[in-house]
Amino acid sequence: MRDYDEVTSFLGDWGPFQRLIFFLLSASIIPNGFNGMSVVFLAATPEHRCRVPDTANLSRAWRNHSVPLRLQDGREVPHSCRRYRLAAIANFSALGLEPGRDVDLEQLEQEGCVDGWEFSQDIYLSTIVTEWSLVCEDDWKTPLTSSLFFVGVLLGSFVSGQLSDRFGRKSILFTTMAVQTGFSFLQIFSINWEMFTILFVIVGMGQISNYVVAFILGTEILGKSVRILFSTLGVCTFFAVGYMLLPLFAYFIRDWRMLLLALTVPGVLCIPLWWFIPESPRWLISQRRFREAESIIQKAAKMNNIAAPTVIFDPMEELKLPSQQKVFILDLFRTRNIATITIMSLLLWMLTSVGYFALSLNAPNLHGDAYLNCFLSALIEVPAYIVAWLLLRTLPRRYIIAGVLFLGGGVLLLIQLVPADYNLLSIGLVMLGKFGITSAFSMLYVFTAELYPTLVRNMAVGVTSMASRVGSIIAPYFVYLGAYDRVLPYIVMGSLTVFIGIITLFFPESFGMTLPETLEQMQKVKGFRFRKKPRDSVEKEENPKVLVTSF
């Protein structure tokens with residue numbers, strides 16, 4: 001019985017074939033970056049006020065004072081959802097009375113925006129909010145739109161792995177890319193909010209499925225030494241590149257339907273990749289399709305200018321492939337120790353996800369240029385991933401994760417102390433907070449995989465990453481808090497991030513420790529004091545090649 005990596009080792013690790021697969025699969029992730037965050041511009045809420053019909057018989061003074069003022073962040077601004085009763089002020093106008101001088105405006109009766117709203121077009125020509133008036137009584141629909149997209153992401157997480165196991169990596173990769181692109185295109189023709197959100201759920205399912213299957217395909221084709229690079233800097237960095245392209249598209253295309261049309265084009269451009277990206281030879285072997293797997297390896301050898309053996313995969317010889325043991329979710333709660341670790345892990349994943357997605361979705365709401373702020377929010381992820389990768393190679397896990405969480409949460413809490421007119425300082429603190437939380441988020445896969453024994457490792461990573469989907473679903477409502485107070489979202493997010501940073505210090509340390517094989521070998525939950533590795537496990541094991549992803 002021979003190992004697959006041993007059989008294909010003659011290909012080398014970083015030849016033209018591996019470089020092609022690395023960059024093509026990474027490039028296929030780019031549409032995920034802007035589709036995953038497109039809602040920040042599609043569902044943006046411009047400044048608005050109640051519409052006063054042109055037919056209303058009002059003097060210029062009364063038309064200018066038809067909307068009451070309210071306090072927002074210490075200054076008076078026109079009310080977004082109320083106006084003075086039109087019949088009353090029309091009567092005062094006809095009598096020649098002046099607002100403020102002859103009539104006390106505070107005593108006037110008010111009414112809702114019965115004639116609709118006037119939306120500012122200074123930043124956005126149109127969004128789904130202006131299209132279907134998702135403000136005031138219907139403003140709850142805006143965060144729900146984002147949440148339903150992430151519900152689709154959650155559903156896609158359940159089915160993507162099973163579909164790729166059943167029908168193959170390549171076919172499901174391109175099918176889910178077609179789902180993401182096709183249903184994004186159909187959203188352009190939405191006639192109401194309900195149709196838009198139903199399609200958005202399906203887009204979310206395709207988005208995460210494409211991401212997961214591209215990751216699986218890359219890790220199965222690429223060699224051991226390249227796998228860790230692909231799963232960290234490759235996938236995550238290209239996701240960030242797609243995220244950075246979003247504000248560039250949105251800056252030049254300010255109508256939401258045209259923006260959606262533009263965002264579908266890169267998905268169409270991925271069609272030629274079908275002829276360059278092969279099926280996973282590992283999957284073909286698991287289906288006993290040896291001839292097809294051998295053909296792919298021989299083509300790879302030819303591309304790398306390497307002579308391939310005449311027979312690579314002998315159907316009569318059994319290859320050593322990873323075996324799957326049956327485990328149940330209750331195994332994650334079998335003992336008091338593992339149950340405690342699981343509960344803490346669920347909290348860690350969920351609250352870190354809340355911080356990451358809430359800060360990402362809130363970027364256009366910061367003071368200044370919405371497009372520049374969104375670009376900076378995407379750009380800061382690249383150094384965050386690089387720093388996380390470097391820290392994971394050299395330092396204890398729980399201390400570096402807690403450290404970047406304290407950094408992220410601490411600077412978010414400082415925002416409430418910044419004067420309202422120090423806008424650049426506030427934006428800088430937000431970006432520093434995003435840096436810390438993104439770094440922590442990208443380390444969680446490695447940390448979780450190292451904590452759990454082999455028997456339940458995949459189950460643990462799967463369940464805890466599902467908790468992050470729950471975090472992304474509730475994240476839009478943290479952004480929604482900004483409608484009541486500018487700094488309230490940062491106070492809540494900062495407090496929760498610092499809290500989960502403290503919880504992280506109670507995890508066992510996994511750096512340099514032998515990976516556990518059984519539940520009994522799992523380390524015990526501890527307090528703040530770092531316990532040194534026992535003498536009998538001093539042998540240093542290479543850091544496991546575990547995926548690090550932003551989703």
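These notebook entries record what I looked up in one predicted model.

**Basis**

I worked from a predicted model, in which local features need pLDDT of at least 70, side-chain atom pairs count only at pLDDT 80 or more, and totals for chains, interfaces and linings use all residues. Residues are numbered from 1 along each chain as its sequence is written, and side-chain values use heavy atoms, with hydrogens and water left out.

**Entry 1: the chain as a whole**

I began with the secondary structure and found 21 helices and eight strands; these are DSSP runs (helices H or I, at least four residues; strands E, at least two), numbered from the N terminus. I then looked up burial: 54% of the 551 residues count as buried. Buried means under 20% relative accessible area, exposed over 50%, and partly exposed in between, with a 1.4 Å probe and protein chains only. For contacts (heavy atoms within 4.5 Å), I noted that among those with a separation of 6 or more, 79% join residues 24 or more positions apart.

**Entry 2: helix 3**

I checked how far helix 3 (residues 30-37) is covered, and eight of its eight residues are buried. Among them are Pro-31, Phe-34 and Met-37.

**Entry 3: helix 18 against helix 21**

I looked up the pairing of helix 18 (residues 397-414) with helix 21 (residues 488-504): their axes come within 8 Å and cross at roughly 160 degrees. The axes are lines fitted to C-alpha atoms, for helices over the stretch in contact, and angles run from 0 to 180 degrees between N-to-C directions. The two helices are therefore roughly antiparallel, a label for angles over 145 degrees, whereas under 35 is roughly parallel, 65 to 115 roughly perpendicular and the rest oblique. The contact includes Arg-398, Leu-405 and Gly-409 of helix 18, and Tyr-490, Gly-494 and Val-498 of helix 21. By class, I recorded 12 nonpolar, eight polar and one charged residues; here Ala, Val, Leu, Ile, Met, Phe, Trp, Tyr, Cys and Pro count as nonpolar, Asp, Glu, Lys and Arg as charged, and the others, Gly among them, as polar.

**Entry 4: aromatic rings**

I found 22 aromatic pairs in the structure. Rings of Phe, Tyr and Trp (its six-membered ring) pair if their centres lie within 6.5 Å; planes under 30 degrees apart count as stacked, over 60 as edge-to-face and the rest as tilted. Phe-22 and Phe-23 form an edge-to-face pair, at 5.2 Å centre to centre and 70 degrees between the planes. Phe-22 is buried at 6% relative accessible area, while Phe-23 is partly exposed at 42%. Phe-149 and Phe-200 have ring centres 4.8 Å apart and planes at 40 degrees, so this pair is tilted. Phe-149 lies in helix 8 (residues 141-167) and Phe-200 in helix 10 (residues 193-221), 51 residues apart. Both Phe-149 and Phe-200 are buried, and they belong to one aromatic cluster that also includes Trp-132, Trp-256 and Phe-441.

I located Ile-123 in the loop between strand 7 (117-119) and helix 7 (128-132). Ile-123 is partly exposed, at 37% relative accessibility. Leaving aside neighbours within four places in sequence, Ile-123 is in contact with Arg-254 and Tyr-371.

I then turned to backbone angles. Most residues other than glycine have a negative phi. Ser-133, although not a glycine, has a positive phi of about 50 degrees, and Cys-136 has a positive phi of about 55 degrees. Ser-133 is partly exposed at 24%, whereas Cys-136 is buried at 12%.
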